[in-house]
Amino acid sequence: MDFMLISLLIYLVGTVTIVWPKRTELAAHYFGMICSVVASGLVAYSALMYLLFPSGSWLVDTYWGSYSLQADAWSSAFLLLTGVAGVIISIYAMDYARGYLGHRIRLLSGLWNLFLLSIVAVLISGDAFTFIVSWEIMALVSFLLVNHEAGKKKTVSAAYQYMVMTHIGTAAIMVAFYLIGSHSLSFSFGDMANNNLNGFMKDVAFLCAFLGFALKSGLMPLHIWLPNAHPAAPSHVSALMSGVMLKVALYGFGRFAFQFIGMDVFWHGLIVMVIGLISAFLGVLYATMEVDMKRILAYSSVENMGIIFSAFGCGMVLYAMQLHSICVIAFTAALVHAVSHSLMKGLLFMSAGSVMHATGSKNIELMGGLIKKMPYTALFTLIGSMSLSSLPFTSGLVGEWLTLQSFITLAQQAGNPELRLLVIFAFVMLGLTGATALGCFVRMYGTAFLGRARSNIVDKAHEMPVFMLVGMGLEAVLIVAIGVMPDILVNIMQQIFSGFAVVSMGTPLGIIWGGSGHYAIYSPGIIFAVFVLMGLFMVAALYRSGTFVRKDVTWNCGTVPTSRQQYSATGFSKPLRRAFEDILTPKRRLTYLRKEHAYFGRKLRYDLEIPDLFNDKLYKPIQQLMINYSSAFHRVQEGSVSIYIGYTMIAMIVVLIWGVLL
Amino acid sequence: METLMTSLGLNLVQGLLLLVFAPLVAGIINKTKAFLQKRKGASIFQEYFDICKWWKKATVLTPYTSVIFVLAPVVYFMTSLFAATMVPGFLTGQFSVGDAFVFVYILALGRFFMTLSSMDAATSFGGMGGSREVYISVLVEPAIMLAILINSIRYHSTTLSSMVIDYDGAYFTISAVLACIAFFLVMLAENSRLPVDNPDTHLELTMIHEGMTLEYSGKLLSLIHLGSFLKIIVFLTMFGALYVPINIPLAVKILLGAIIIGIVETLNNKMRLFKVRVYLGAALVLLLLAIIAE
């Protein structure tokens, strides 16, 4: 109930660190972080209680005139996700952000609280104005956070690109709100649900809403800001942006789809599904080509948001086909995957931050063998990587499995061949995505943590301070807990859609999906128990038989192997780059630097550039078009005042003549 | 609860049964190849001897390796064994702990650790093998997804035991035949057989799976080989039960499948790495046609 308002107040108190005296910067930082931990904890607790014990009333219900704060079950799911991520990442930031001492750390802590505040405000706003204002604060604060290391040129350009893109999205969302609000009694969400918008304008409203929210969640082709903004921001900010802010876009889109626009139009769902699938595959393909750890994770966010939106679109399609009892699994899949992606991407951005903290670089080509220097971080990163590859015993597979089941259900219901072809497309895309994601994270983990050090930056690497480990560890524990016992989460999430149909998928045995004559089961708990037993048996067998281990350097045809002989990350993804070169269009340059001798010991330089498909084919032409148009106006807009006065006079004369003639 | 325990027990027995026969199937494939190449060849029990031999030998580890290197073969073997308990065939009960997608992702867990271990020994061969393994698995995965899709559309379930061919209905259809051919192609790629990978050579240009496991020795190597043999028999069982539309006993199907793999491996060369794309594209198109014909 009022916990939510109290937490908003605590966030607000946390922002005072901005005006804290500079002498006690560190105290300001700790104060800010403690505020955000407490407030986020309250948010998570009240949302969880609301979801576990549904009472039929609102979670929050407050009015000030026409402004209102309201939260239902759909909001609560995202509040839960925000609260959990807020607590964990703030704990991590207690140690991590200390690296910004002397670099506006007070501002960082204050904005951090404001960022969380605005996210919670978006999730609990009950009318269009509150929503837009909170949404705008969220965009501006995240812009400031991305721009925190403003000394770097790359950071500034990434931040401004983000700023421009997110405002295009906000504009689209405002149009959508306006279209719906103008056809209903007021701009409160309750009234907007009863709008009488129909036909063409409804389609326009849908497309505007989808454009706006897809942009914020980084779906292709609107993703271009994301791989630039995430690496530029401080790591804990990237973790929150990727883990939570992208999901807030899903929240908004769901609000529109469920409440305002409805899901009766068949092709609405199809568009969401297809864009989601394309984003999923292309996102992970670009991720596999990157060598910057945070860019890999950013592109992987595009992939996962793609999977989430494709599941959501699948649900919309099923709903439009009047299969109300079945569509629940697809929406549940989207929500479960959203929660699990929030956990695993939060975790991996934190590990990327830890690796940066340890080595001072984000480039995995310079790393190697970090598992020996920072074993705990390596363990947590391994769990996160497994989850992002959707392997068993992690939350990743739970979401992935539910997504696959919803598409299978769609396939079984698809009578006409066109829809069946679409389902085939979906499965090809999901298959490609799954396998490429595995390759992507094997490549990232293998290059950064395994093998030998590729440069001397690894020498000074060390294990992380305790709060950072606690933060990462909590996420890892949650990922495994959900992965092994998914029934609690699945049950919470499916009852949010009990308005469509009541289903019960989570059982003590695991997830059982039995909709419309279809039957499928996934019981990770039992599989986990069997694996643990088998593992114990194997270890015992290996030890009992008297294992004889000898340490010796790898045979390298008589020479001593150097660390340069390892496979590089760029080399690792070479076959995939060849296989999909039509999409990736890689540009390679091989330069021979013949310094010492023509043949022996010569030096080579290899440059590889993979341009973003949409940047070249979509954004550059648009940009060029805009510049051309502007330069056309340049001719009339000379800048001298007398000419402008002349324009005004001509305009007046035209108006006068017009008035006389008519 | 009792039926649950019984089915779980039956599944485990089946897994152990397949484990016992796995090296034999590999031996049969090798014997077929030897016969066709007019060689006498090794005994069909040779793989048992090899595994025992490696188990007795010492394990040499490079100092660069981490715990992942030791963990990977253990996980790989366990995932193969678990897949053997899941696959429908001889003793699977009514209850299963996972469906076809879980089966795919359990195998993916093994692949994840094997490819990781390939980068752990800090050599070029390992990374090369891992990189190629990832490349091939990316191409294989969509085909496997479509193969699952066909049977799940037909039998309204993704549980492996429900996806077994139903001989009471019409089973010898165009769709079934196309799916059968396509799954055979996929099976060869997934199990690193010719024409995609050559399990016999250690030439750096050709090896994929062997490249990944080059640094292994002793007990760990014997686990990897046992895991690979298991994977072959698991895929043959799945192929026979789910995709071969001929009503003969499953054991016969497995035997025939092994012999056909031997014949195919004798008749074909290893293809260029980037031709695999076309090869698996063909499998994908066959599956697409099969789904449309369904």
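## Around helix α15 of chain A

Helix α15(A) is followed by A:Ser390, whose phi is positive, near 45 degrees; helices (H or I, at least four residues) and strands (E, at least two) are DSSP runs, numbered from the N terminus. The model is predicted, so that local features need pLDDT of at least 70 and side-chain atom pairs count only at pLDDT 80 or more, while totals for chains, interfaces and linings use all residues. Residues are numbered from 1 along each chain as its sequence is written, and chains are lettered from A, with ligands numbered from 1, in the order in which they are written.

The helix itself covers residues 375-388 of chain A, and its 14 residues, at 1.5 Å a residue, should span 20 Å, which agrees with the 20 Å between its end C-alpha atoms; the expected span is 1.5 Å times one less than the number of residues. Eleven of these 14 residues are buried, so α15(A) is largely enclosed by the rest of the structure. A residue is buried if 20 or more other C-beta atoms, placed from the backbone, lie within 10 Å of its own, exposed if 12 or fewer do, and partly exposed in between. Among the buried residues of α15(A) are A:Phe380, A:Leu382, A:Ile383 and A:Met386.

## Loop residues with particular backbone angles

In the loop between α15 and α16 of chain A lies A:Phe393, a residue other than glycine with a positive phi, near 70 degrees. A:Phe393 is buried, with 22 other C-beta atoms within 10 Å.

In chain B, the loop between α6 (174-190) and α7 (209-212) holds B:Ser192, which is not a glycine but has a positive phi of about 50 degrees; B:Ser192 counts as buried, with 22 C-beta neighbours inside 10 Å. A cis peptide bond, with omega about 5 degrees, joins A:Met220 and A:Pro221, and A:Pro221 is placed in the loop between α8 (199-216) and α9 (226-232) of chain A.

## Where chains A and B meet

In the model, 68 residues of chain A are in contact with 63 residues of chain B, contact being C-beta atoms, placed from the backbone, that lie within 7 Å. The largest share of the chain A side, 17 residues, comes from α17(A), and the elements that give two or more residues to this side also include α16 (395-413) and α20 (524-544).

Strand β6(A) and strand β1 (residues 59-61) of chain B pair in the parallel sense over three bridges, where pairing requires at least two bridges found by DSSP. A:Arg550 stands opposite B:Val60 in β1(B).

Key:
Two residues are in contact if their C-beta atoms, placed from the backbone, lie within 7 Å.
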